[in-house]
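Hi everyone, thanks for coming.

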Amino acid sequence: MTTKLAVRNPGVLELIGNVDRDTVPELWKNIQSVNFDLPEMELALDKVKRFDSAGLVMLIHLLEHAKNRKCHIMLSFVPDELKILFQLYNVESVIEKHI
């Protein structure tokens with residue numbers, strides 16, 4: 001399965017595939033090309049098959065990247081695996097405004 005960031009609907013992005021150390025560099029290039037021009041956008045995670053710690057770090061950078069462009073990202077369909085990573089890495093306070 002190809003890992004990618006895609007537009008599901010206007011204002012709704014989705015991550016598809018594995019978000020891990022092997023896919024993060026290419027995903028980050030895609031994320032940097034997104035024009036976060038709306039005040040709020042949704043990032044759907046229901047098609048993510050796997051997250052690892054590199055994927056978690058990329059997700060946090062994505063939230064900051066959008067915030068710097070005056071866009072608030074709301075996460076939807078957050079997988080349990082990712083919620084566990086939030087707890088393990090003690091980043092729940094960073095993420096809570098986005099769920």
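When I say that residues touch, or are in contact, I mean that they have heavy atoms within 4.5 Å. With that in mind, T3 touches I16, G17, N18, T23 and L27, leaving aside residues up to four places away in sequence.

Two notes on the source: this is a predicted model, where local features need pLDDT of at least 70, side-chain atom pairs count only at pLDDT 80 or more, and totals for chains, interfaces and linings use all residues. Residues are numbered from 1 along each chain as its sequence is written, and side-chain values use heavy atoms, with hydrogens and water left out.

Back to T3, which sits in the segment before β1 (4-9). Is T3 buried or exposed? T3 is buried, because its relative accessible area is 18%; buried means under 20%, exposed over 50%, and partly exposed in between, with a 1.4 Å probe and protein chains only. A polar atom of the T3 side chain also lies 2.9 Å from the backbone oxygen of N18.

Now please look at helix α2, residues 53-67. At its start, a side-chain oxygen of D52 comes to within 3.0 Å of the backbone nitrogen of A54. The buried residues of α2 include L56, L59 and L63, and among the elements covering the buried residues are β3 (40-51) and α3 (80-88).

Finally, I84 lies in helix α3, and I84 counts as partly exposed because its relative accessibility is 46%.

Conventions. Helix = DSSP H or I, 4+ residues; strand = E, 2+ residues; numbered from the N terminus. Expected span 1.5 Å × (residues − 1). Polar contact = N/O pair within 3.5 Å; in protein donor to acceptor, adjacent residues only side chain to side chain.
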